Amino acid sequence: MENLQLIYTGKTKNVYALPNGNCLLKFKDDCTGKDGVFDPGENSVGLTIEGVGDVNLRMSIYFFEKINAAGIRTHYVSANLQDTTMEVLRAKPFGHGLEVICRHKAVGSFIRRYGDYIENGADLPAYVEMTFKNDALGDPLVTKDALVALGVMTDAQYETIKTMTQQITQIVADDLAAKGMVLYDIKFEYGYDAEGNVMLIDEIASGNMRVYKNGEYIDPMTLSKLFFA
């Protein structure tokens with residue numbers, strides 16, 4: 001790693017440039033949270049949990065390989081569990097960073113916004129929404145029309161992301177359901193290559209999803225253990 005160029009230092013991963021034109025993601029044991037308590041919704045690193053980088057990489061490998069096999073484009077190339085690294089295709093993010101959420105159940109910020117119209121935990125039809133990654137503004141929600149008007153993405157790219165998100169979410173939900181768990185919502189990131197082709201990027205880890213079993217929320221570390229049990 002010391003011979004590679006560091007491109008970006010993230011909260012939970014560092015990104016390096018590889019000689020072949022791809023990138024290398026180095027997974028860390030740092031987690032987002034507040035006051036020493038893990039919280040995937042927080043915008044800053046709050047604690048370090050030994051082994052979390054390893055389980056995040058393991059789950060990412062599992063799902064990226066499954067999604068690639070389904071013919072859905074991702075940035076995943078290969079991984080090395082010994083080094084906790086993942087080789088990925090180079091991709092340009094949308095704008096200054098965009099998060100895409102797919103919701104099967106009404107919880108969290110969705111209920112905070114729309115609680116007057118829907119009950120907590122009610123079913124949603126694979127509802128997709130997008131937020132700008134901006135800690136200072138609290139990751140503001142952004143509409144399709146705004147994304148197109150601001151030049152962040154085209155109408156076609158938006159529709160591609162929406163379709164991909166719903167397909168990928170169903171893959172994850174089906175796997176969790178087979179283990180007796182229910183996916184409430186999940187968060188993704190996307191980028192695009194030099195030709196403008198959209199691809200799933202970043203990671204697919206327990207910290208990016210809200211999962212319940214027998215009506216009880218499962219924290220990310222427990223979820224990872226149950227998933228690979």
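Are E129 and R103 each buried or exposed, and what does that say about where they sit? E129 is buried, and R103 is buried as well, where buried means under 20% relative accessible area, exposed over 50% and partly exposed in between (1.4 Å probe, protein chains only). The model is predicted, so local features need pLDDT of at least 70 and side-chain atom pairs pLDDT 80 or more, while totals for chains, interfaces and linings use all residues. Residues are numbered from 1 along each chain as its sequence is written, and side-chain values use heavy atoms, without hydrogens and water.

E129 and R103 form a salt bridge, their closest N and O atoms being 2.8 Å apart; the term denotes a side-chain nitrogen of Lys or Arg within 4 Å of a carboxyl oxygen of Asp or Glu. Because E129 belongs to strand β11 (residues 123–132) and R103 to strand β10, this pair ties together parts 26 residues apart in sequence. Strands here are DSSP runs (E, at least two residues), as are helices (H or I, at least four), numbered from the N terminus.

A salt bridge also joins R210 and D185 (2.5 Å, N to O). R210 lies in strand β15 (residues 209–213) and D185 in strand β13, 25 residues apart. R210 is partly exposed, at 26% relative accessible area, whereas D185 is buried at 6%. Through shared partners, salt bridges join R103, R113, E129, D185 and R210 into one network.

The structure holds 14 salt bridges. Another of these links K187 to E99 (3.8 Å, N to O). K187 is in strand β13 (residues 182–192) and E99 in strand β10 (residues 98–105), so the pair ties together parts 88 residues apart in sequence.

Turning to helix α5 (residues 220–227), its buried residues are P220, L223, S224 and F227. They line one face of the helix, because they fall within an arc of 100 degrees seen down the axis of α5, the arc being that of the directions from the helix axis to the C-beta atoms.
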